[in-house]
Amino acid sequence: MNIEKKIRTKERDSILQSLRAGVVPRIGLHHVQVGRAQEVGNIVKDIERICDSGSSIRFIIGEYGAGKTFFLHLVRTVALEKNVVTAHADLTPDRRIHATGGQARNLYAELMRNVSTRTKPDGGALASIVERFISSAISESKEKGVGVDAVISNRLSQIVEMVGGYDFSQVISAYWHAFDSGNDQLKNDSIRWLRGEYTTKTDARNALGVRTIVDDSNVYDHLKLFSLFVRLAGYSGLLIGLDELVNLYKMANTQARNANYEQILRILNDSLQGISVGLGFILCGTPDFLMDTRRGLFSYQALQSRLAENTFAKTAGVIDQSGPVIRLANLTQEDLYVLLTKMRHIYAFGEQEKYLVPDDALTSFMAHCSTKIGDAYFRTPRTTIRAFIDMLSVLEQNPNITWKDLIGNISIAKDSDLSQDDVINESDCVPTEIQAPEQKASTDELSSFRL
Amino acid sequence: MGRRRKNDISGLGIVFLVIIGFIVIVIQKIGWWLLAIAVIAGIIYLLYRYLKKSTPTPYAGDTFSEPEPVAYSNGNSFSSPLRKTENAAWISANTEVEIQGYSINGGMFYLGKSLQSISSSSPDPCLIDPSMRINKASPDTAGSAMSYWPSYSNISPAARAAYLDWLASGRDDPATNVGYVFLFFYGLERRVLIDSQSDNSVRADIPQIAAEVQRLLRIYGSSSGSFNSYATSFLNFLCSQSRDNSLEQFAATESGQYGELPFALRMEAGKLSSQAKPIPPRLAFEWFIRSPESKLRTPARRCEAEFTRLFMVRYASKYGEGLVIKPNKTLLRCEYHPASSSFMGKTFSNSLQDVPDVTKLSRPISVFQAIADECMEDLDAFSRFQGKKLEEQGNKIYALAQLPSEILRDANYEEIQELISFLKQRAGAKPEEVVEISAILSALGLDSSVSLSNGESLLVAQLLGRLGYGIEPDIRFGGGKLVSTEKAVIFTLADNLASAASPEYTFAALLLSFSSIVIHADGSVSPKESDKLRTHVTSILSLTQNEQRRLDALLLYYCTVPASLTQAKKRIQELKPESKSFILSFLLSVANADGNIDPAEIKILKKIYELFGVDSNSLYSDIHAFQTKGDAPISISAEAPVVGFSIPKKPQKIVKGSPVSLDMDLVNKTIHETQQVQSLLTSIFSDNTEDKLIVPESKPSNSQLIANLDSSHSELFLNICDKDALPVDSFNDICKKLGILPSGAIEMINAACFDKADELYIEENDETLILNNEVAKEMLK
């Protein structure tokens with residue numbers, strides 16, 4: 001636990017505030033990451049591959065509370081740091097990868113709203129990206145003495161050849177013209193088009209003069225266009241994070257479900273064959289979404305064979321890290337313990353001498369939580385962490401109070417999400433990561449096993 | 001003693017009663033004169049009768065006169081010299097004589113004119129008086145006129161002729177009346193009991209006589225109970241009398257008439273006891289079966305042969321060479337009541353000095369009874385089969401299946417021998433193979449196309465078990481019945497103790513059955529999978545050698561024929577929840593044995609989960625949990641070493657003073673990994689090397705270029721770098737002047753700042769842009 005350097009005040013405050021509010025911190029995630037070195041390492045390699053004009057796809061499979069969303073956010077942070085544009089969205093019944101009733105376009109719109117760059121990590125970076133592209137075109141035109149239009153169309157020539165590329169380049173030009181002419185309406189319309197917010201072609205034609213819009217049938221094509229575009233705009237690539245894929249699994253209509261899986265297969269094929277350039281996907285889902293042979297990904301034969309584990313690696317007793325599936329183990333109380341030490345560390349600005357509580361306090365605190373909440377306290381650490389930070393802040397402000405006075409008086413509410421069976425929004429579910437080699441709970445069950 | 005003795009006294013009484021009755025009637029009806037006549041007549045009759053009795057009356061017409069009877073002192077001592085036999089002579093066995101035209105070869109009788117009875121003056125019944133009349137023309141072979149106490153001297157001439165004829169013809173015509181045999185036998189009795197007392201040379205004849213008696217016994221013993229009884233006890237007596245063992249062979253081996261034990265047996269037992277030698281099984285059985293105290297139930301009678309064998313085997317297995325009986329004080333005693341009327345009820349008795357009569361003891365019988373009870377119980381089933389009518393019996397093999405194993409193997413049942421050779425061949429096959437059940441059925445002598453019922457399957461399994469072979473599926477161990485179209489595995493058993501499954505085995509079998517379903521799910525079973533399964537199962541459960549073999553067979557069976565889910569259903573319901581969850585996690589490990597849980601396996605597992613009444617959705621969680629256990633797949637055996645079926649908790653280092661127990665190894669591992677990931681991430685987040693933006697190279701211009709911003713943006717930066725905050729509108733204006741796009745400008749400036757100072761410069765806050773002076777200073781350096 002010799003953490004090399006001090007933690008910046010800004011990061012510390014951001015982390016602590018987010019965690020106290022029960023949401024994923026936007027920055028400094030790496031300070032609270034516990035374990036999962038291998039998984040993170042794999043994803044980092046993926047991101048490097050995206051930067052190298054490669055492609056990748058990963059399925060993050062884990063139970064509720066295993067930290068898929070946290071993991072996704074961590075990956076996003078890493079990607080942004082590597083100058084990769086990210087876009088993420090939760091799938092919902094209204095947002096799917098493939099649909100006929102506008103749900104796929106909804107998903108696209110959601111992704112575009114959440115487009116983030118390093119400078120705009122909270123999303124809404126679409127306009128910035130477009131303008132950055134145009135700005136660089138402008139400066140090129142200045143240097144070369146060529147018209148901006150010509151520079152733009154020249155740069156976008158690669159895109160024009162692709163499905164929907166012509167209209168895409170038209171819209172980018174329109175944006176430039178809007179800027180050039182100070183036509184804010186046109187600028188907004190262009191951004192609207194790029195965000196996939198037009199629902200009818202007529203509206204789009206009236207506003208921008210283009211014949212097509214982003215609709216249910218071409219969402220993936222547009223994502224590919226966009227990934228090319230961000231590279232042209234000076235970024236390293238695009239990482240798409242889709243969460244709550246369990247919503248696909250929950251679709252009752254087999255045909256609709258299979259259509260979505262077909263899209264996933266298409267994405268998977270493109271990624272694995274290297275057809276898409278600078279584009280990465282991260283799909284988060286629960287184990288049943290993956291493995292259910294009736295409704296899960298495995299029900300789709302083509303996906304099943306592609307996602308199957310590396311038999312040789314398993315037989316040899318190793319894990320093939322290049323497989324598209326990353327499995328996240330559930331949290332254990334050991335993980336939580338380590339997380340608590342990290343919280344203490346962050347709270348003390350990374351300085352060991354400033355630690356507010358000794359190690360004993362951590363276990364006492366955990367014991368207290370376990371009596372209050374039961375075993376779940378380490379599986380859903382959100383409330384536990386919040387209570388711990390509260391305790392630390394009380395101790396910080398009142399040096400005359402000892403931790404022993406506090407433990408026992410802290411009240412912790414049960415995480416209500418636990419009982420949620422429906423679509424679970426995990427995006428604000430807090431952290432803690434693990435590489436848990438053992439399922440404690442199951443071992444305990446077995447230990448009392450008698451016939 | 002079977003021969004009724006005529007009672008003269010009672011005859012007389014009856015006559016008196018008749019007479020008195022008659023007198024009473026006559027007195028009333030006729031008068032006193034008639035009464036007087038009657039009384040006189042009665043007196044005369046009685047007188048006549050008395051006279052007739054006191055002098056033996058030859059048959060009518062016989063004129064043979066008897067010598068005067070010699071007074072004989074009726075003492076107990078027989079050591080006195082022979083009575084008057086002056087005229088009679090013993091014809092030895094190898095002498096040939098001719099009597100009234102009958103040439104008699106073989107002797108062994110008294111021949112002469114006079115031989116007095118031992119205890120009366122009448123001629124001895126056995127004496128052949130050649131002077132007596134015979135009716136050679138019509139010998140009375142059937143002995144229709146033979147009296148109950150025959151005597152040569154007063155049987156009819158026709159009978160004498162028949163007797164002589166019988167003697168002459170070799171004394172072996174079974175049709176001959178037993179009365180003649182008795183006549184001959186009387187002579188032997190006399191020779192042995194009387195003559196040998198005085199004449200030592202007679203003793204030498206005794207073995208010969210005994211042999212003759214035994215021969216006769218064989219011929220006539222069965223037709224005459226009375227002769228049988230006399231001859232047997234005569235032989236016993238001879239035997240007890242002899243000082244050496246030369247006559248032992250003649251001792252009776254059959255029970256006496258009143259249920260007493262055969263003399264030979266008593267003698268043998270007694271001798272063994274006196275020598276402190278064990279009673280061999282054969283003798284023990286004889287003893288028991290002949291003892292009047294033994295209690296035998298139907299099985300012992302109905303399946304005698306089986307009972308005998310079983311008794312002896314069990315006896316031998318319990319007592320080895322046999323039970324050693326401590327000699328008791330009662331000595332073996334032999335009594336003989338001669339058959340000849342010559343002796344007039346005399347009894348001869350003889351105690352064997354050094355042979356105790358152990359058969360008088362009750363303990364041996366109770367020991368034997370205990371064994372017998374056990375045997376009879378075990379033979380009950382077989383006996384019931386035997387008791388059924390033929391058409392209700394069904395196949396004999398089922399009856400044989402009920403026999404205890406001890407007597408099954410060495411028994412001479414053809415069916416069994418055939419079966420054994422079949423089993424030997426099958427169970428010995430290497431590598432082991434599955435056998436068509438139809439082949440087994442035909443080896444059993446059953447119709448190979450008819451499947452067996454539950455009961456029949458059980459019997460077959462039992463039969464094989466008793467022959468030292470096991471079969472899987474075995475209905476006793478949770479298998480199904482034998483269906484003619486299916487397959488089975490035959491294997492050798494170490495012993496056949498178990499006829500029901502132990503809880504461990506049941507559990508192991510259940511594990512196997514489910515596992516087989518799982519490993520069959522992907523269409524094939526690799527030897528590796530089955531090996532793994534075997535080691536898994538055996539490592540977690542402590543099984544006996546037999547159970548282990550059975551399990552191997554079961555595994556082989558299941559490798560060919562997967563278990564059916566529906567069959568297992570019933571057993572699942574009997575399981576405890578902990579067992580259920582154990583099985584399920586075990587199945588996961590089995591499914592993962594080949595390194596992969598493939599969808600077909602998942603499908604099956606899901607069905608199994610449903611069968612177990614576990615939410616099938618938790619399957620995915622379980623698989624997930626299983627697959628995320630660690631870097632290397634952990635085998636169940638490693639984490640759950642079962643000793644005697646309880647799975648000990650993993651030793652854990654408990655953190656002091658806390659009810660929460662942490663595995664500190666795990667904590668350290670986690671910390672280690674955390675450090676790894678942190679250093680990885682830190683290297684990313686503190687990466688200050690310039691990212692190469694795909695920004696077209698701009699030619700150096702006169703104006704100052706900030707970082708890697710182009711000229712317009714550098715100019716913009718310089719324009720605002722002295723400010724803390726800026727309204728968005730004025731920023732937009734500046735941008736417009738410079739001909740650049742505001743959002744793009746912010747993006748580019750911020751990106752440049754990030755690269756250089758690792759922080760944002762412009763932050764958008766509604767209508768205002770907040771500028772970070774620190775960064776500006778950094779940028780301007």
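User: Where in chain A is N83(A) placed?

Analyst: In this predicted model, N83(A) lies in the loop between α4 (68-81) and β2 (84-90) of chain A. Its phi is near 65°, a positive value in a residue other than glycine.

User: What makes N83(A) count as buried?

Analyst: The relative accessible area of N83(A) is 6%. Buried means under 20%, so N83(A) is buried.

User: How do you know whether E244(A) is buried or exposed?

Analyst: E244(A) has a relative accessible area of 7%. The limit for buried is under 20%, and therefore E244(A) is buried.

User: Why is C51(A) called partly exposed?

Analyst: C51(A) has 24% relative accessibility. Buried would need a value under 20% and exposed one over 50%, with partly exposed in between. The value of C51(A) therefore makes it partly exposed. C51(A) belongs to helix α3 (residues 37-51) of chain A.

User: Which residues is C51(A) in contact with, leaving aside neighbours within four places in sequence?

Analyst: C51(A) is in contact with K82(A), V84(A), R231(A) and S236(A). Contact here means heavy atoms within 4.5 Å. For another pair, C51(A) and A79(A), the C-alpha atoms are 9.2 Å apart in space and the residues 28 apart in sequence.

User: Why is α6(A) described as it is relative to α30(B)?

Analyst: The axes of helix α6 (residues 126-144) of chain A and helix α30 (residues 742-757) of chain B cross at roughly 90° and come within 7 Å. Angles of 65 to 115 degrees count as roughly perpendicular, so α6(A) is roughly perpendicular to α30(B).

User: Which residues meet there, in α6(A) and in α30(B)?

Analyst: From α6(A) come A127(A), S128(A), E131(A), R132(A) and S135(A). From α30(B) come P742(B), S743(B), G744(B), A745(B), E747(B), M748(B) and A751(B). They divide into five nonpolar, four polar and three charged. Gly is placed among the polar residues.

User: What makes α19(B) parallel, oblique or perpendicular to α23(B)?

Analyst: Helix α19 (residues 503-521) and helix α23 (residues 577-591), both of chain B, have axes that cross at roughly 40° and come within 9 Å. Roughly parallel requires under 35 degrees, and roughly perpendicular begins at 65. That leaves the angle in the remaining class, and therefore α19(B) is oblique to α23(B). The crossing of α19(B) and α23(B) is right-handed.

User: Which residues make the contact between α19(B) and α23(B)?

Analyst: On α19(B) the contact is made by F507(B), L510(B), L511(B), F514(B), S515(B), V518(B) and I519(B). On α23(B) it is made by S579(B), F582(B), I583(B), F586(B), L587(B), V590(B) and A591(B). Twelve of the residues are nonpolar, two are polar and none is charged.

User: What share of the residues in chain A is buried, and what share in chain B?

Analyst: In chain A, 65% of the 451 residues are buried. In chain B, 49% of the 781 residues count as buried. Chain A exposes about 16300 Å², with 46% of it supplied by carbon and sulfur atoms. Chain B exposes about 36600 Å², and carbon and sulfur atoms supply 53% of that area.

User: How many helices and strands are there in chain A, and how many in chain B?

Analyst: Chain A has 22 helices and five strands, and chain B has 31 helices and 14 strands.

Conventions: Residues numbered from 1 in each chain as written. Chains lettered and ligands numbered in written order. Predicted model: local features only at pLDDT ≥ 70, side-chain atom pairs only at ≥ 80, totals over all residues. Heavy atoms only, no water. Helix = DSSP H or I, 4+ residues; strand = E, 2+ residues; numbered from the N terminus. Buried < 20%, exposed > 50% of the residue type's maximum accessible area, 1.4 Å probe, protein only. Areas by Shrake-Rupley, 256 points an atom, 1.4 Å probe, with all protein chains shown as cover. Axes fitted to C-alpha atoms, helices over the stretch in contact; angles between N-to-C directions. Parallel < 35°, antiparallel > 145°, perpendicular 65-115°, else oblique. Left-handed = near helix turned anticlockwise from the far one by under 90°.
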